[in-house]
Amino acid sequence: MTETTPTKRWTRLEYGRLIEKGVFGPEDRIELLGGALVVREPQGGLHAMGIRLVEEARRGVFASARDGRGQLPVALDHDSEPEPDVSVVPGSFRDYPRSHPARAVLIVEVAESSLSLDRSAKGSLHARAGLAEYRIVNLVDHVLEVYRDPAADIGAPYGWRYTAAVTLRGGDVVTPLAAPHSPIPVVDLVP
């Protein structure tokens, strides 16, 4: 495909209609990012373990006023509905019977082959949506990448980026912005 190849941009509404009509099934591992249908990273054992580690740590940190969602959609904006590996959203799962949550307090991706996509495109989309904290469990380098402070940047893929980025290793501790009294050892998050 070249830059002159015409493409169709999708909205969340159109994407939802395709799902309702059965065009995509559970075996179709796709998500809507900035109007494009993107194939999600396949899950090997290390990827699955990373997700479980993050989920386990999340349960110990966030109170019942927050819902932890594993690989479920977040309605970021009119043309993005990513399915992060782990997200923490306000309220309970019972608060979202007919729609996906539009806000998250934390999104975590576990990345191996998708590392570049998670850093650039997804990072820019989450910053554009105003997500205060975005993390990547980087399985390639065995580190945790923490992104904070979203700001407009015309050079970023979706016009926004995070201005603060920190890479943490096994001996470090990370404290979620949404749970400032709950530090988590990085070794508990990175396989």
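## Packing of helix H2

The buried residues of H2 pack against S3, strand S4 (86–90), S5, S6 and strand S10 (184–185). The model is a predicted one. The residues of H2 that are buried are His47, Gly50, Ile51, Val54, Glu55, Ala57, Arg58 and Val61. Around the axis they cover an arc of only 165°, so they lie on the same side of H2. Exposed residues, namely Gly45, Arg52, Glu56 and Gly60, are carried by the face of H2 that is turned away from its buried side.

The length of helix H2 can be checked against its residue count. H2 comprises 17 residues (residues 45–61), which at 1.5 Å a residue should span 24 Å; the end C-alpha atoms are 25 Å apart, in agreement with that expectation.

## The six-stranded sheet

Six strands form an open sheet in the order S3-S4-S5-S6-S7-S8, and their pairing is mixed. In general, strands of a sheet pair through backbone hydrogen bonds, either parallel or antiparallel.

Within the sheet, strand S6 (residues 133–138) and strand S7 (residues 143–152) run antiparallel and are joined by six bridges. Glu133 has Arg148 in S7 as its bridge partner.

## Helix H3 across the strands

A further helix, H3 (residues 115–128), lies across strand S5 (106–111), S6, S7 and S8. Relative to S6, helix H3 runs at about 170°.

Asn138 has its place in strand S6. Is this residue, Asn138, buried or exposed? Its relative accessibility is 0%, and Asn138 therefore counts as buried. Leaving aside residues up to four places away in sequence, Asn138 touches Ala111, Leu115, Arg119, Val143 and Glu145. Of these contacts, Val143 belongs to the range of strand S7 (residues 143–152), and Leu115 to that of helix H3 (residues 115–128).

## Confidence of the model

The average pLDDT of the protein chain is 88, and 95% of the residues score at least 70. Among the elements of the protein chain, the highest mean pLDDT, 98, is that of S7, whereas S3 has the lowest, 79.

Methods: Residues numbered from 1 in each chain as written. Predicted model: local features only at pLDDT ≥ 70, side-chain atom pairs only at ≥ 80, totals over all residues. Heavy atoms only, no water. Pairing = 2+ DSSP bridges. Helix = DSSP H or I, 4+ residues; strand = E, 2+ residues; numbered from the N terminus. Contact = heavy atoms within 4.5 Å. Axes fitted to C-alpha atoms, helices over the stretch in contact; angles between N-to-C directions. Expected span 1.5 Å × (residues − 1). Buried < 20%, exposed > 50% of the residue type's maximum accessible area, 1.4 Å probe, protein only. Arc of directions from axis to C-beta. pLDDT = per-residue confidence, 0-100.
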